[in-house]
Amino acid sequence: MKRFIPLAFLLLSVVCVIWTFRPARNTTDFDLVAFGRLPALVNGRVKPIDSVARTSLLVLQGRQRVVAPDGRQIDPSEWLLDVMLRPGQADAMQVFEIVHPEVLALLNLQPEDGAGKKRFSPDQIKGHIEELSKQARMAAETESAGRSTFQKAVLQLNANIDLYQRLRLSILAPDTADFLAELKRFQEILPQGIAAVQAKEAGQPYDETLQKEMLEYANRYSFLAENAVLLPIPPAPGTSPDAWRSIGAALLDTFKSGQVSPHVLAYAGLAYAWRAQKTDAFNVIVRLYGKQLASSEAPVLAKCRIETLFNSSQPFYTAAALYCLAFLFAIISWIAAPQILGRSAFWLLIVAFVLTTAGIATRMWLEARPPVTNLYSSALFVGWVAVALCIVIESLYRNAVASVAAGFVGFCTLVIAHHLALGGDTMEMMRAVLDSNFWLATHVVSISIGYGATFLAGFLALIYVIRGLFTKSLDQATADSLSRMVYGIVCFATLFSLVGTVLGGIWADQSWGRFWGWDPKENGALIIVIWNAIILHVRWGGFARQRGIMCLAIFGNVVTAWSWFGVNMLGVGLHSYGFMDSAFWWLIAFVVSQIVVISIAMIPLERWRSPMKA
């Protein structure tokens with residue numbers, strides 16, 4: 001009976017994963033799911049409106065969940081509809097995260113005034129926007145490295161308010177009462193109005209009333225075109241596939257075509273139905289418009305459907321929970337029921353790994369890119385590499401050591417990825433110099449594999465030290481197996497780090513005309529290669545025994561963390577992605593923790609609880 005328990009856990013975890021992939025359901029009578037699937041170009045990428053809403057909420061408040069003033073939890077797409085079409089409703093929702101005490105004082109707010117003592121509504125801060133903008137202008141004039149935490153918080157909040165305001169202008173001008181009636185009037189007077197404008201320019205008699213009305217329309221739509229975040233109007237026939245337009249830009253094109261775009265009319269109909277809360281009209285319009293788009297934008301709609309399913313299923317959150325559970329099972333298996341809990345942990349790892357693989361593969365398909373394109377995707381891939389290696393090791397040794405490492409590393413990298421996602425769209429458009437699938441698939445992937453392997457060696461060494469110093473479970477056989485694991489992983493890491501660094505030099509030579517320039521990121525990659533080579537030479541030369549090699553491997557975590565994150569936060573060099581205060585302090589804490597473990601590992605072996613000779 002005991003041998004079926006791990007299979008039961010396997011079956012249960014698979015059922016849970018399948019359940020997360022069930023189609024999204026509407027939480028109201030409005031077909032918000034169909035609306036969320038509609039495509040729009042934002043920040044250089046065509047994505048579903050559902051992704052726009054979720055990404056915007058992550059930037060504004062660090063989470064996707066929105067709670068209305070009446071306590072009802074609403075869908076991200078419903079929140080975005082209110083922002084764009086019913087701003088009076090949206091302005092009462094607490095979606096701006098503000099935690100800096102000086103910023104709160106500037107806005108005359110107390111933590112108790114906000115949801116969770118940190119989220120506030122536009123209505124609560126609108127009376128102090130002018131002062132906030134003044135402080136933001138002053139902060140912008142200060143060099144980035146010299147800005148205080150208050151100035152950085154002010155700039156971030158000001159940018160978030162700007163995003164919110166531009167979302168409001170994605171469909172309607174601020175003073176629009178009835179968009180459908182406005183478009184009907186615009187279409188009726190368009191020929192005569194254009195003629196009146198042209199007559200004035202030619203110095204001929206003209207209808208002054210029509211000429212002024214046309215100029216007013218032109219100014220309104222120009223304002224929308226300049227400020228809108230969403231570009232939901234598909235490219236016109238015969239234009240570039242990337243030539244998506246905002247509502248305002250499409251209406252400006254009407255002055256040339258003489259006919260209001262049917263896509264704009266569809267959004268005007270949605271606006272009318274949503275503002276009037278006419279459920280049937282909204283649902284009919286959104287479904288008919290989806291069919292209309294399917295005739296010309298079928299591949300785009302297919303991707304949008306997959307991306308909305310990916311958003312609602314949240315595979316990486318589920319995988320993180322499975323990794324955490326596998327880690328706990330594997331830890332407990334060292335104390336009790338090693339066969340049952342050890343195998344259960346292994347099967348949970350397999351399910352979590354397959355789920356993570358599916359998530360990464362889906363992102364690759366959506367982006368049409370290799371797996372690593374930015375810091376967020378690097379966190380996913382580094383953890384994926386480490387877990388893959390652990391699965392191979394656990395299949396060979398079956399002592400739950402690699403399962404513990406896999407559960408811990410897999411969970412931590414997914415948590416890191418989650419926090420990196422708070423900066424915006426994680427499938428962003430690539431920088432020009434990085435826009436090369438060949439080098440992304442060779443240099444970047446090789447370097448990331450080196451990161452994952454070096455971290456894994458370090459975490460296996462951490463298990464050696466902590467288990468040996470604080471428990472009696474690390475016997476000589478287990479210690480020797482851990483030593484072999486670390487040695488094999490370091491060899492693997494050295495190979496990929498070296499190959500990736502050389503490939504990076506070739507890419508740099510093609511991009512910047514020099515193979516090596518002592519850029520901080522280049523130095524970080526070289527240090528990883530040198531450090532892994534030191535570990536191997538120390539082992540081969542007999543300069544250190546098991547504990548010494550483990551301490552060197554643990555310091556490899558510091559070296560790799562510096563190359564992965566530290567050099568990105570220096571603010572200098574060609575590979576700098578910007579300084580992040582929170583990430584900096586977490587990095588310092590991680591480095592200190594590794595040095596502390598190395599220090600305690602130097603305690604004389606006779607004081608270790610485990611009976612080892614090495």
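Here is a working chat about this predicted model.

Q: Before we start, what should I know about the model and the numbering?
A: It is a predicted model, where local features need pLDDT of at least 70, side-chain atom pairs count only at pLDDT 80 or more, and totals for chains, interfaces and linings use all residues. Residues are numbered from 1 along each chain as its sequence is written, and side-chain values use heavy atoms, with hydrogens and water left out.

Q: OK, how many helices and strands does the chain have?
A: The chain has 24 helices and 6 strands. Both are DSSP runs numbered from the N terminus: helices are H or I with at least four residues, strands are E with at least two.

Q: And what does the C-alpha trace span along its principal axes?
A: About 105 × 60 × 50 Å.

Q: How much of the chain is buried?
A: Buried residues are 50% of the 614 in the chain. Buried means under 20% relative accessible area, exposed is over 50%, and partly exposed is in between, with a 1.4 Å probe and protein chains only.

Q: What share of the contacts join residues at least 24 apart?
A: That share is 73%, counted among contacts between residues at least 6 apart in sequence. A contact is heavy atoms within 4.5 Å.

Q: Switching to α11, how far does it reach?
A: Helix α11 covers residues 208–227, and its 20 residues reach 29 Å from first C-alpha to last, close to the 28 Å expected at 1.5 Å a residue. The expected span is 1.5 Å times one less than the number of residues.

Q: Which helices do its buried residues pack against?
A: The buried residues of α11 pack against α10 (179–201) and α12 (247–257). Among them are Leu 210, Met 214, Tyr 217, Tyr 221 and Leu 224.

Q: Why would residues three or four places apart point the same way?
A: Because an α-helix has 3.6 residues a turn.

Q: What caps the N-terminal end of α11?
A: Asp 207 does, with a side-chain oxygen 3.0 Å from the backbone nitrogen of Thr 209.

Q: Now Ser 448: buried or exposed?
A: Ser 448 is buried, because its relative accessible area is 3%. Ser 448 sits in helix α20 (residues 437–470). Leaving aside neighbours within four places in sequence, Ser 448 is in contact with Val 372, Phe 381 and Val 382.

Q: What about Phe 496, what is that in contact with?
A: With the neighbours within four places in sequence left aside, Phe 496 is in contact with Ser 446, Ile 449 and Gly 450. Phe 496 lies in helix α21 and counts as partly exposed, because its relative accessibility is 24%.

Q: And Val 597, where is that found?
A: Val 597 is in helix α24 (residues 581–601). Val 597 is buried, since its relative accessible area is 12%. Leaving aside neighbours within four places in sequence, Val 597 is in contact with Leu 462, Val 465 and Ile 554.

Q: On to backbone angles, what is the phi of Ala 337?
A: Ala 337 has a positive phi of about 50 degrees although it is not a glycine. Ala 337 is in the loop between α16 (315–333) and α17 (338–367), and is partly exposed at 37% relative accessibility.

Q: What about the phi of Ala 400?
A: For Ala 400, phi is positive at about 70 degrees, although it is not a glycine. Ala 400 lies in the loop between α18 (375–397) and α19 (401–420) and counts as buried at 3% relative accessibility.

Methods
A polar contact is a pair of N or O atoms within 3.5 Å; within protein, one must be able to donate a hydrogen and the other to accept it, and residues adjacent in sequence count only if both atoms are side-chain atoms.
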